[in-house]
Amino acid sequence: LLWPNGAGKSTTIGVISGLVTKTSGQVVISGHDLDESGAEARMWVWVVPQEFNFGIFEKVYDIVIAQAGYYGISRKDATPNAEKYLKALGLWEKKDVQARTLSGGMKRRLMIARALIHDPTILILDEPTAGVDLELRHGMYAFLREMNESGMTIILTTHYLEEAESLCRNMAIIDAGVIRKQWPIRELLATMEDEVVTIDLDKKYRWSLLEKYRPKIIDTSIDLTISSLCTLDNALQILREESYKVVSVKPKSGRLEEFFLKSTQK
């Protein structure tokens, strides 16, 4: 689900999870109607919200194990999953520290580990990479792809087009609580024009492997033209191979906004 803040993405998640009372319509999760069989429906799904909502003075391991108890899973039975997901998300070495000592990115990953403790079939992520640096973000992407390939359905809300492009098979643009358009991601990208992004580096760019991106260098920043043939992921990989540290990536042109306006006017 794609579009900037206030479009209704989080509200949609609230309705699916039962935290927001819907005014109309029906929600069915794995064959269970949310109104008629709410407890059964919610057993199949877990939401990772934008806000951190665990006890900051609790230990990382205890936060994950305690979550299993809400689903009737004993500590003994939850232990293998806790270890599995904390290791997969790079948090095992932090398992005995208080959550308040973690960085923002680690707290975000802790939220995901806690969500997976009971092996839900549907995982909903509400802007999961907010406050996460680029290196951790790509590590999280790899983990989410692995979970999806194992059979888990993942619903992702974001206002980063590159995030949707990297992770999703299907995408919907939502505005004022209404899905205006939805497509397979490849069809959408094929219709979109070039986009210029600004990448801030730890030092001035002095190499030439990005020539096909029509780079414009301003001190330690570089503007690149992104297209279906010259992807952002590939550009970031080139920079890593050239030993540059990417500090931030931000869109310079309003490609998504322009596309949205055109699509809703048709």
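Q: In which loop is A176 found?
A: This is a predicted model, numbered from 1 along each chain, in which local features need pLDDT of at least 70. Side-chain atom pairs count only at pLDDT 80 or more, totals for chains, interfaces and linings use all residues, and side-chain values use heavy atoms, without hydrogens or water. With helices (H or I, at least four residues) and strands (E, at least two) taken as DSSP runs numbered from the N terminus, A176 is found in the loop between strand 6 (170–175) and strand 7 (178–184).

Q: Is A176 buried or exposed?
A: A176 is a residue other than glycine with a positive phi, near 55 degrees. Its relative accessibility is 59%. Given the cut-offs (buried under 20%, exposed over 50%, partly exposed in between; 1.4 Å probe, protein chains only), A176 counts as exposed.

Q: What is the phi of S243?
A: S243 lies in the loop between helix 9 (232–241) and strand 11 (246–251). At 54% relative accessibility, S243 counts as exposed. The phi of this non-glycine residue is positive, near 70 degrees.
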